[in-house]
Amino acid sequence: MNSDLNGKPPPTWYRKNCRDCPRLSEFLDQVKREHGDYICKPVAPSGARHAEFLIVGLAPGKHGANATGRPFTGDHAGVLLYRTLHRFGFSSAAQSHHLDDGLVLHNCRITNAVKCLPPENKPRGDEIANCNHYLAAELAEAHLRLVLALGGLAHRAVLRALGMVQSHHSFAHNAEHRLANGLALIDSYHCSRYNTNTRRLTEVMFARVFEKISTRLQQPA
Ligand code: SF4
């Protein structure tokens, strides 16, 4: 798995060449043949392990994280995210271009529920399950206080990683939940091109989510 941990090496539990999902691994091989300059590997989280705030997306985009090796970088999905992260002080820059652009996340880490690019941007249930132990390890980081789930799939993957009953914690935009390990979980619609173009998620709506996150993180642990 590629590393973009603000200059630090990846944690030992990452397997950078994980191929536990045959369909996804074969798809990555196929995309690599078409786009030789793309990373086409499992994409590691960006941001330091000691961050208090973890953002969980769905999976790498074909021409985004799968190409650049940094979550939400290289395609439209990161435009609103990094602009908002910068506005609220979680990112040193309002745009994320590539692994070596010098961008640094502040007290924030970004990952995906599924680390490999899925066909049609749709991972299967068995692939979400296969990858869930990586997410569980990320959710167990000692300094973590708050998780933002971008979309229903990320929301359900977080609950699954902690063994929680899904029906007791339904996904809703800007809803807040208490996770089994004591962390706060806040939901948002995914900042995808489709959601922003259709205005299912607007800049104002996303900012309100981040206002809540900032408020929670300013409160005593
Ligand atoms: S999706 Fe996760 S479990 Fe599956 S091959 Fe990629 S890194 Fe491994």
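Start by selecting Glu176, which stands opposite Ile186 in strand 7. Before going on, note that this is a predicted model, where local features need pLDDT of at least 70 and side-chain atom pairs count only at pLDDT 80 or more, while totals for chains, interfaces and linings use all residues. Residues are numbered from 1 along each chain as its sequence is written, and side-chain values use heavy atoms, with hydrogens and water left out.

**Stop 1: strand 7 and its partners**

Helices (H or I, at least four residues) and strands (E, at least two) are DSSP runs, numbered from the N terminus. Two strands pair if DSSP finds at least two bridges between them. Strand 6 and strand 7 run antiparallel, joined by three bridges. Their hairpin has five residues between the strands, and there Gly182 takes a positive phi near 95°.

Now show strand 5, which runs parallel to strand 7 and is joined to it by five bridges.

**Stop 2: the nonpolar cores**

A nonpolar core is a set of buried Ala, Val, Leu, Ile, Met, Phe, Trp, Tyr and Cys residues joined through side-chain atoms within 4.5 Å. The largest one has 32 residues, and Leu185 and Val158 are among those with the most contacts inside it. Helix 5 gives the largest share of this core, six residues. Select Val158: beyond its neighbours within four places in sequence, it is in contact (heavy atoms within 4.5 Å) with Val56, Leu135, Leu139, Val147, Leu179 and Leu185. A second, separate core of 25 residues includes Phe72, Ala77, Leu103 and Val209.

**Stop 3: aromatic rings**

Rings of Phe, Tyr and Trp (its six-membered ring) pair if their centres lie within 6.5 Å; planes under 30 degrees apart count as stacked, over 60 as edge-to-face and the rest as tilted. The model has six aromatic pairs. Phe171 and Tyr189 make a tilted one, 6.1 Å centre to centre with 50° between the planes.

Definitions and conventions:
Buried means under 20% relative accessible area, exposed over 50%, partly exposed in between (1.4 Å probe, protein chains only).
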